[in-house]
Amino acid sequence: MNENNDNKFIEEDEQMARILKILNDIPEQTLPETLESRLKEALHEEGEKIRALKAAAEQKTKKRKMIFRSLSTLAACLVVGVFTVSMYHNMNVDLPADETELQPMAMTYTEEASTDTSDVTEDLMADEALSYGAYGADEQGDLGSGLYTEELKAKSFASDSTLPESRSSVTTRDALGTETTEEESVTTYMMLAPTDPNLELIKEYLKTDQFVVVPKESEETAVAASPATTGDAIEAEETPKEAIYEILLNVTEEGITTEKTLILIVKEGEVYEQTPAE
Amino acid sequence: MSTDLNELRLIENAKNGDDVSFELLIKGCMTKAYNTALRFMRNEQDAADALQESLIKVFRHMEQFKGECRFDTWVYRIVVNTCNDMLRKNAPLKETDSLNRVDEEGDWLLELKDPAPAPEALFESKEAANRILRCLDLISAEHKEVIVLRDIQGFSYEEIGQIIDCSEGTVKSRINRARQRLRSMILEQNEQEFV
């Protein structure tokens, strides 16, 4: 039985060995002649396709890079622009209005004032303005007396039609003498327009024709006093039916010049005088 | 090492669509690839078509070659897969090929160029090979695959593992089963006459 099995296994092994030998002995075939040329042609075509695809992909990449670069440049410009604008705004906010606007103005008027030092009224008006307290006490302290003097001298040029047109916010005193902070109230001279219907009434009330009417571009216009007058600055508050004018007067008596504030209320063609509050 | 560098350079050029570099690259493995295809397809024309299609696939997908195995092994793998695909598609149509032609008397003939043996031995050898190849077509594709690669083309177990994408152990066991199956098939077909 075992011998039969052994013989069977041996026979199977022999059969397998013969099969494998036959398979191993199958000779290798050479390539057909037509295959090489055909393959060469096909590969050449495929190569062209691949190169074209590569070129297209490369071009696409280049284009994408170019777009990215352009967008980056634009973004950088935008950022720089925004940064510049914000810096500009920050600078404007950081600088106090007094320093940005008052200082150049003061310098201007210093020059002008120095050209006409003989004008007595300038000094008078400067003193008057100081006593009037058109600027708050704090601000006076902050700005310094020198600067403020220059500013007051500048005001005296109202008589020469060179009144400053506008200034930044300054604390002023209203008709009742209470201090208020107003936008544009730095214009110490609330001016009367030449066409102000109350101008003649005020002149008549004050019994003087020596007001100099200074036309202004703004809605507010000025009436300033000539050097010979005693009244020089007028601050007006216009209402449709009632107008209040605060007028500073330099009153000279026995060679001593004193100041007097006069509040005039013009109502329905009549001028009333009101004593200013202390 | 210089060969490797040269091959790497050719691979890089081929990846950029240089067909001349690709031709140089495949020159060394063309014959073996053709014979592998021939054993699978059993027809010169089909084998040539399969090889051409395989090589164009290789050229087109050169970017996918990462150098994880040898380049020629990668080519053989694509050749085997292409042949399997073509056989699957043409299974109902193809029955004969140039190697296994039927002669006037209706017997299978294997057209092989075998210079060494004597005419009698040649006849026996051709006849035997012819019968074995016929039986090879009757076993499963995965068994045929390993028999062709190992016993006809002489690839190593490692190469076969890389070509058919499985482990060396799997290859060995599969080859063993495939051989047993082939022997059984041969016996079934013509046991007394052939063996």
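In the predicted model, 26 residues of chain A are in contact with 33 residues of chain B, two residues being in contact if their C-beta atoms, placed from the backbone, lie within 7 Å. On the side of chain A that touches chain B, α1 (2–25) and α2 (33–94) each supply at least two residues; helices (H or I, at least four residues) and strands (E, at least two) are DSSP runs, numbered from the N terminus. The largest share of this side, 12 residues, comes from α2(A). By class, the side comprises 14 nonpolar, five polar and seven charged residues, where Ala, Val, Leu, Ile, Met, Phe, Trp, Tyr, Cys and Pro count as nonpolar, Asp, Glu, Lys and Arg as charged, and the others, Gly among them, as polar.

Residues are numbered from 1 along each chain as its sequence is written, while chains are lettered from A and ligands numbered from 1 in the order in which they are written. Because the model is predicted, local features need pLDDT of at least 70 and side-chain atom pairs count only at pLDDT 80 or more, whereas totals for chains, interfaces and linings use all residues.

Chain B contains nine helices and two strands, arranged along the sequence as α-α-α-α-α-β-β-α-α-α-α. Of its 195 residues, 37% count as buried, that is, with 20 or more other C-beta atoms within 10 Å of their own, C-beta atoms being placed from the backbone. Among the contacts in chain B with a separation of 6 or more, 59% involve residues 24 or more positions apart.

Within chain B, helices α4 (residues 44–60) and α5 (residues 71–90) pack at an angle of about 130°, with axes 9 Å apart; axes are lines fitted to C-alpha atoms, for helices over the stretch in contact, and angles run from 0 to 180 degrees between N-to-C directions. The two helices are therefore oblique to each other, angles under 35 degrees counting as roughly parallel, over 145 as roughly antiparallel, 65 to 115 as roughly perpendicular and the rest as oblique. Residues of α4(B) including B:Ala50, B:Leu51 and B:Val58 meet residues of α5(B) including B:Val75, B:Ile78 and B:Met86. This contact has eight nonpolar, two polar and three charged residues.

In chain A, strands β7 (residues 256–267) and β8 pair in the antiparallel sense over five bridges, pairing requiring at least two DSSP bridges between strands. A:Val266 has A:Val271 of β8(A) as its bridge partner. In the hairpin, two residues lie between the strands, and A:Glu268 takes a positive phi near 50°.

Technical notes:
Buried ≥ 20, exposed ≤ 12 C-beta atoms within 10 Å, placed from the backbone.
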